[in-house]
Amino acid sequence: ILNRARIRSSRGPNRLAMREGEDDSAYRIERKRKAKASLAGQIIETVVTSAVILNAVWVGASVDMDSKWLGVITIDIIFAVIFTSEVVMKFYWSGCRGYF
């Protein structure tokens, strides 16, 4: 396991390198953390993509509605919150350099 971890760590700068005689539990914890972060990113992308599609449908449907109706304003605010929270989460997780 130690040799395999070293080979993996030499493939990229983001891999966790192991020292001689070191327990591989830190390596496994780091791999699990990255896998969870990747899964969370995929879930967020799916939710945001769905929100974009629903927002497009909503914009098309709301053209024929009275724009002063409280339901139109409320749904527009909900979509604005979803898109703003996406930007904030990505900026928080990626940092300034990773986001821009």
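Trainee: Is Glu86 buried or exposed?

Mentor: Buried means under 20% relative accessible area, exposed over 50%, and partly exposed in between, with a 1.4 Å probe and protein chains only. Glu86 counts as buried because its relative accessibility is 14%. This is a predicted model, in which local features need pLDDT of at least 70, side-chain atom pairs count only at pLDDT 80 or more, and totals for chains, interfaces and linings use all residues. Residues are numbered from 1 along each chain as its sequence is written, and side-chain values use heavy atoms, with hydrogens and water left out.

Trainee: With which residue does Glu86 form a salt bridge?

Mentor: Side chains of opposite charge can pair when their charged atoms come close. A salt bridge is a side-chain nitrogen of Lys or Arg within 4 Å of a carboxyl oxygen of Asp or Glu. Here Glu86 pairs with Lys90, with 3.1 Å between the closest N and O atoms. Both residues lie in helix α3, 4 residues apart, about one turn of the helix; helices are DSSP runs (H or I, at least four residues), numbered from the N terminus. Salt bridges that share partners join Glu45, Glu86 and Lys90 into one network.

Trainee: How far apart are the closest N and O atoms of Glu45 and Lys90?

Mentor: In that salt bridge they are 2.6 Å apart. The pair links distant parts of the chain, 45 residues apart: Glu45 in helix α2 (residues 25–62) and Lys90 in helix α3 (residues 70–99). Glu45 counts as partly exposed because its relative accessibility is 36%, and Lys90 counts as partly exposed at 26%.

Conventions. Helix = DSSP H or I, 4+ residues; strand = E, 2+ residues; numbered from the N terminus.
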